[in-house]
Amino acid sequence: MSKEPVAVVGIGQTKHVAARHDVSIAGLVREAAVRALADAELTWADIDAVVIGKAPDFFEGVMMPELYLADALGAVGKPMLRVHTAGSVGGSTALVASNLVAARVHRTVLTLAFEKQSESNAMWGLSLPVPFQQPLLAGAGGFFAPHVRAYMRRTGAPDTVGSLVAYKDRRNALKNPYAHLHEHDITLEKVQASPMLWDPIRYSETCPSSDGACAMILTDRVGAARSPKPPAWVHGGAMRSEPTLFAGKDFVSPQAGKDCAADVYRQAGINDPRREIDAVEMYVPFSWYEPMWLENLGFAAEGEGWKLTEAGVTELDGDLPVNPSGGVLSTNPIGASGMIRFAEAALQVRGQAGEHQVPGACRALGHAYGGGAQFFAMWLVGAEVPAS
Amino acid sequence: MARYAREVAVVAFAQSDHLRRTDELSEVEMVMPVLHQVLAATGLKAGEIGFTCSGSSDYLAGRAFSFTMTLDGVGAWPPISESHVEMDGAWALYEAWVKIQTGEADTALVYAYGKSSPGSVRDVLTRQLDPYYLAPLWPDSVALAALQAQALIDAGETDERALAAIGARSRAAAEANPHAQLRGAVPQGDYQVRPLRTWDCPPIGDGVAAVILAAGDLARQLCERPAWITGIDHRIEAHGLGLRDLTDSPSTRIAAEHAGVFEAPVDTAELHAPFSSQEVVLRKALGLGDGDGVAVNPSGGALAANPVMAAGLIRIGEAAARIHRGESDRAVAHATSGPCLQQNLVAVLEGDRA
């Protein structure tokens, strides 16, 4: 059987900031949705279904907030699904929405992800003590720091690589009007002089806590033909999960990430990702995850990822730009972060990324991960209609 | 069948015994036996399943990312294609059904679980209300259902005697259900919140359900009489109770139309009506009337066992199991979420005719 080709025809984001005191949760999500509709030149009446995602409900203190958000998202009388796959949720949500179109169950779907972190405290929201289970050690940084250290030890990467990533992403963010952190006076020395939080992760090598939402309009071939702007076409999409903790788990390069990327490349007909992909929006909440994921996603051989970063390959003007938007390191409304990666990849192939546009980008990868580096969601979007 | 690209059926269903308390069991320990049972029914192994999807709630578990632990119980190694909805498992089944429709999977494992016993579920559910205007007032789920029940009585749609009959019928039916939490004659009880008495309200309990879906000929190989999902749809309504006619459920009706419920008679209806009064609303929306022609909640329904997040999936599973056993040819299954039936899913399940 053949799948319906899926097109991204509308993208909307909020200006991500530390605290949006001026809007409710409903106001925040509606802002992104309205912008996505405006981008697609569609109205609420054109939307057949809504697929919404966010990270844990404890971050805002609202259980199943999609129930309360139905009105704000024009979902009344329509199907509404709520996806939750930890940090990868923004990506998973877009994939579930994409499947609705691909399966020809619905023609035009609004998908949206958000987090309003200022309503609560994400670090403690992640640190509720549970007997006999591994706590996240006071937020995500404590959980991931040992795996970064393991990567450095395994590959012999010099300890300067992490600061290069942070310096690059924060400079890229200056070109993205929606990015949370706009550090106009950023220097490499400032990153390297920032306080050590979770050795080896420094303050300036971590993501901020943001309020923000991201929305996309996905549609079928007929819908795409009416699109006023060039669509981004979904060439491949996949999710993979593995257990949190078990003997033999490779936290540095999880098998689920490798399998997920391989599935996406197979669907998209990609044989050499390093050459065939023009831009990558990668989920990098701590700077060292850029070289780690370069290897995990097949852009570099094992142990070689840090060399691409060090050589400037991942810079905005390098030959494999990673996180031209400034990435999670510059903007992190947790539940939305994955969808922002997917949406920014789509912006690139639509040629709509403004000052952070990668010239001539034809194929871009959006990547998200979550939990204990155990949930992965990715899609590959292209400027051309997929072949099959 | 032409409605969708592929024929998809429920080929196996399993559930735990639903219990008032399970203090001695973690969620993983609750879930694992049910997963083993549903897989054993088809002979499939976890690694042979094309897609896995679950439904649960962090607020019941009292911790963020609670579903990560039950995923460990699934045995997701080598890595699996998997997703999760923060909803009743009926919506996880919907996501899995969509996945099979894309052709990317031929089988799916769907499971859902909820432990209400560690906290006060009446208080917990208030946290799913509008956080600015409604939740600060802590109106609990029974009070909100009572508003709906009173609206029905005021509209002349039912009365307390008729509601009592629904409670009695459900719990009598549950006598034949070994998994039910409340079975047989249950006293009508005192008012919980007028006009609802104890037996108009669901028991509070812990439980798990799991279903396996399969497409086309594979479904026929895995199950003697597959329960084909010939239609499935879900719709949501406004959140604010003041914006809704509580005596009606337009979302159920729209979902039923899209699922094809009204195209032919059904012989079985498994309705997720945690309160007796909600059965009145759902019967009307689904055109079931008051007659005896349709077996409504032969399992005892949510009035006999209502493990939050699994109770909707159980309705689909129970309807499918009747088809598997040859007790039904065309069944409707329904799941609900949100205060006073805000969000509703409807599925039509059919068995091949002999």
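A salt bridge is a side-chain nitrogen of Lys or Arg within 4 Å of a carboxyl oxygen of Asp or Glu. Asp329(B) and Arg225(B) form such a bridge, with their closest N and O atoms 2.6 Å apart. Asp329(B) sits in the loop between α11 (311-324) and β11 (330-337) of chain B, and Arg225(B) in the loop between α8 (216-222) and β8 (227-236) of that chain, so the pair ties together parts that are 104 residues apart in sequence. The structure is a predicted model. Asp329(B) has a relative accessible area of 29% and is partly exposed. Arg225(B), at 16%, is buried.

Over all chains, the count of salt bridges comes to 46. Side chains of opposite charge can pair when their charged atoms come close. A second example in chain B joins Arg122(B) and Asp140(B), at 3.1 Å from N to O. Arg122(B) belongs to helix α5 (residues 121-126) of chain B, whereas Asp140(B) lies in the loop between α5 and α6 (141-154), so this bridge ties together parts 18 residues apart in sequence. The relative accessibility of Arg122(B) is 25%, which makes this residue partly exposed. Asp140(B) is buried, at 15%.

Glu242(A) pairs with Lys249(A), the closest N and O atoms being 3.2 Å apart. Glu242(A) is buried, with 0% relative accessibility. Lys249(A) is also buried because its value of 10% falls under 20%. Elsewhere, salt bridges link Arg20(A), Asp22(A), Glu31(A) and Arg35(A) in a network.

The contact between the two chains was examined next. The size of an interface is often given as the accessible area lost when the parts come together. Between chain A and chain B, the buried area is about 5,000 Å². Carbon and sulfur atoms give 66% of this area. Contact involves 55 residues of chain A and 56 residues of chain B. The rule finds one salt bridge across this interface. Its partners are Lys3(A) and Glu104(B), whose side chains meet at 2.6 Å, N to O. On the side of chain A, the elements that give two or more residues are α2 (66-69), β3 (80-83), α3 (89-102), β8 (232-241) and α9 (255-268). By class, this side has 31 nonpolar, 14 polar and 10 charged residues.

Cysteines were also searched. The whole structure holds zero disulfides over all chains. Cys53(B) is in none, and the nearest cysteine sulfur, in Cys260(A), is 15 Å away. Cys53(B) is buried, at 0% relative accessibility. Cys223(B) is likewise buried, at 9%.

Ala383(A) lies in the segment after β11 (375-382). Its relative accessibility is 28%, so Ala383(A) counts as partly exposed. Apart from residues up to four places away in sequence, Ala383(A) touches Pro231(A), Trp233(A), Val349(A) and Cys362(A). Asp199(A) stands 184 residues from Ala383(A) in sequence and 41 Å from it in space, C-alpha to C-alpha.

Pro195(A) occupies the loop between α7 (188-193) and β5 (196-198) of chain A. Beyond neighbours within four places in sequence, Pro195(A) is in contact with Arg202(A) and Tyr203(A). Between Pro195(A) and Glu205(A) there are 9.9 Å in space, C-alpha to C-alpha, for a separation of 10 residues in sequence.

Note on methods:
Residues are numbered from 1 along each chain as its sequence is written. Chains are lettered from A and ligands numbered from 1 in the order in which they are written. This is a predicted model: local features need pLDDT of at least 70, side-chain atom pairs count only at pLDDT 80 or more; totals for chains, interfaces and linings use all residues. Side-chain values use heavy atoms; hydrogens and water are left out. Contact means heavy atoms within 4.5 Å. Buried area is the accessible area (1.4 Å probe) that two parts lose on being put together, summed over both. Helices (H or I, at least four residues) and strands (E, at least two) are DSSP runs, numbered from the N terminus. Ala, Val, Leu, Ile, Met, Phe, Trp, Tyr, Cys and Pro count as nonpolar, Asp, Glu, Lys and Arg as charged, and the others, Gly among them, as polar. A disulfide is a pair of cysteine sulfur atoms within 2.5 Å. Buried means under 20% relative accessible area, exposed over 50%, partly exposed in between (1.4 Å probe, protein chains only).
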